[in-house]
Amino acid sequence: MLKNLPCTMIFEFTEIINNIFKFNYFPKAWKTAVVVPILKPGKDPTQPENYRPISLLSTLSKLTENFILDKLNEHLAENKILCPEQFGFRKSLTTTHQLLRVVEYITSGFEKGECTGAVFLDVQKAFDRVWIQGLIHKLIRYKIPPHLLQLLKSYLEERKFAVKIGNSLSEAKIMRAGIPQGGKISPVLYSLYVNDIPKTHKTLLGMYADDTAILAKNKNHKYTAAALNQHLAKLNDWFLKWKIALNVNKTEAVYFAKG
């Protein structure tokens with residue numbers, strides 16, 4: 001779409017982006033998401049929970065977010081802010097790298113006659129439940145430059161959504177929590193929100209965006225269980241503090257032993 005715009009429109013849009021950074025203000029017109037519910041395969045269409053909400057954002061907004069993201073990533077990289085256990089949405093890191101890290105941890109235990117216990121945590125509606133004021137507090141704590149912090153605050157606050165079914169569009173409502181699904185900045189903002197997740201020296205922590213696993217190994221399975229339970233207790237307090245909810249039905253505990 002943007003490629004087909006005349007040069008005069010491109011110049012106008014460039015001027016808008018420049019002013020966004022000049023005044024550290026994100027346009028309100030770009031902060032309303034149109035949510036389209038898509039039925040999950042094979043599910044009952046009469047049950048609301050069987051629909052996956054797809055959030056459609058302004059193309060101009062997403063393009064502008066690329067420039068904001070570049071500045072944010074530059075600050076995070078220069079100051080080495082993101083914890084090394086987080087492999088999500090980071091340059092040269094993939095789910096495969098995190099999986100290899102976990103496999104190496106388990107197999108190195110086998111070589112010493114140790115068994116490994118693991119708990120795989122599933123965060124419920126991760127992006128939708130982010131506490132905005134809590135996120136802004138953490139952005140301040142990570143010393144995000146004042147001008148960029150002000151722009152991110154403008155981007156996050158007073159966002160709206162409207163639901164579209166067929167040709168019908170609902171009235172726009174204020175989002176009380178959450179970061180934009182499909183937003184270019186959202187994955188990094190979520191990573192910052194969970195960046196201070198508790199760690200312990202007795203366990204291995206592995207993260208990929210909102211997927212989190214903790215592992216512990218020992219020849220004595222009681223020691224392994226105790227290490228995991230101590231870490232889980234710390235995580236529980238942290239989840240409560242930052243209003244993060246787990247999907248208990250999708251959280252799994254696994255014990256790895258060499259047969």
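These legends accompany close-up views of one predicted model.

**Figure 1. Overview of the predicted chain.**
The protein chain has seven helices and nine strands. Its C-alpha trace spans about 70 × 50 × 35 Å along the principal axes. Of the 259 residues in the chain, 40% are buried. Among contacts with a separation of 6 or more, 71% join residues 24 or more positions apart.

**Figure 2. Helix 6 is mostly covered.**
Eight of its eight residues are buried. They are S186, P187, V188, L189, Y190, S191, L192 and Y193. Which helices do the buried residues of helix 6 pack against? Their partners are helix 2, helix 4, helix 5 and helix 7.

**Figure 3. Helix 2 passes helix 6 in a left-handed crossing.**
From helix 2, the contact uses L69, L72, N73 and L76. From helix 6, V188, L189 and L192 meet them. By class, this contact has six nonpolar residues, one polar residue and no charged residues. An α-helix has 3.6 residues a turn, so residues three or four places apart point the same way.

**Figure 4. Helix 4 and helix 5 run roughly antiparallel to each other.**
Helix 4 spans residues 132-141 and helix 5 spans residues 146-156. Their axes come within 11 Å and cross at roughly 170°. Angles over 145 degrees count as roughly antiparallel, so helix 4 and helix 5 are given that description. Helix 4 brings I132, L135, I136, L139 and I140 to the contact. Helix 5 brings L149, L152, K153 and L156. The contact has eight nonpolar residues, no polar residues and one charged residue.

**Figure 5. Y193 and W242 form an edge-to-face aromatic pair.**
The structure holds eight aromatic pairs, and the rings of Y193 and W242 form one of them. A pair of aromatic rings is described by the distance of the centres and the angle of the planes. Here the values are 6.3 Å centre to centre and 80° between the planes. Y193 lies in helix 6. W242 lies in the loop between helix 7 (221-241) and strand 9 (252-256). The pair therefore ties together parts that are 49 residues apart in sequence. Both Y193 and W242 are buried.

**Figure 6. Four aromatic residues form one cluster.**
The members are F13, F26, W30 and Y155.

**Figure 7. A33 is buried in strand 1.**
Strand 1 runs over residues 32-39. The relative accessible area of A33 is 7%; it counts as buried because that value is under 20%. What does A33 touch, not counting residues up to four places away in sequence? Its contacts are S55, L56, L57, K160, F161 and A162. K173 is 140 residues from A33 along the chain, yet their C-alpha atoms are separated by 9.9 Å.

**Figure 8. T212 sits in strand 8.**
Strand 8 covers residues 211-218. Is T212 buried or exposed? T212 is buried, with a relative accessible area of 8%. Leaving aside neighbours within four places in sequence, T212 is in contact with V119, F120 and L121, and also with I197, L205, G206 and M207.

**Figure 9. K125 and A209 have positive phi values.**
Most residues other than glycine have a negative phi. Phi of K125 is near 45°. K125 is found in the loop between strand 3 (115-122) and helix 4. K125 is exposed, with a relative accessible area of 59%. Phi of A209 is near 60°. A209 is found in the loop between strand 7 (204-208) and strand 8. A209 is buried, with a relative accessible area of 7%.

**Figure 10. Q230 is partly exposed in helix 7.**
The relative accessible area of Q230 is 44%. How many residues apart in sequence are Q230 and D70? They are 160 residues apart in sequence, and 38 Å apart in space, C-alpha to C-alpha.

Technical notes:
Residues numbered from 1 in each chain as written. Predicted model: local features only at pLDDT ≥ 70, side-chain atom pairs only at ≥ 80, totals over all residues. Heavy atoms only, no water. Left-handed = near helix turned anticlockwise from the far one by under 90°. Helix = DSSP H or I, 4+ residues; strand = E, 2+ residues; numbered from the N terminus. Contact = heavy atoms within 4.5 Å. Nonpolar A, V, L, I, M, F, W, Y, C, P; charged D, E, K, R; others polar. Buried < 20%, exposed > 50% of the residue type's maximum accessible area, 1.4 Å probe, protein only. Axes fitted to C-alpha atoms, helices over the stretch in contact; angles between N-to-C directions. Parallel < 35°, antiparallel > 145°, perpendicular 65-115°, else oblique. Phe/Tyr/Trp six-rings, centres within 6.5 Å; stacked < 30°, edge-to-face > 60°.
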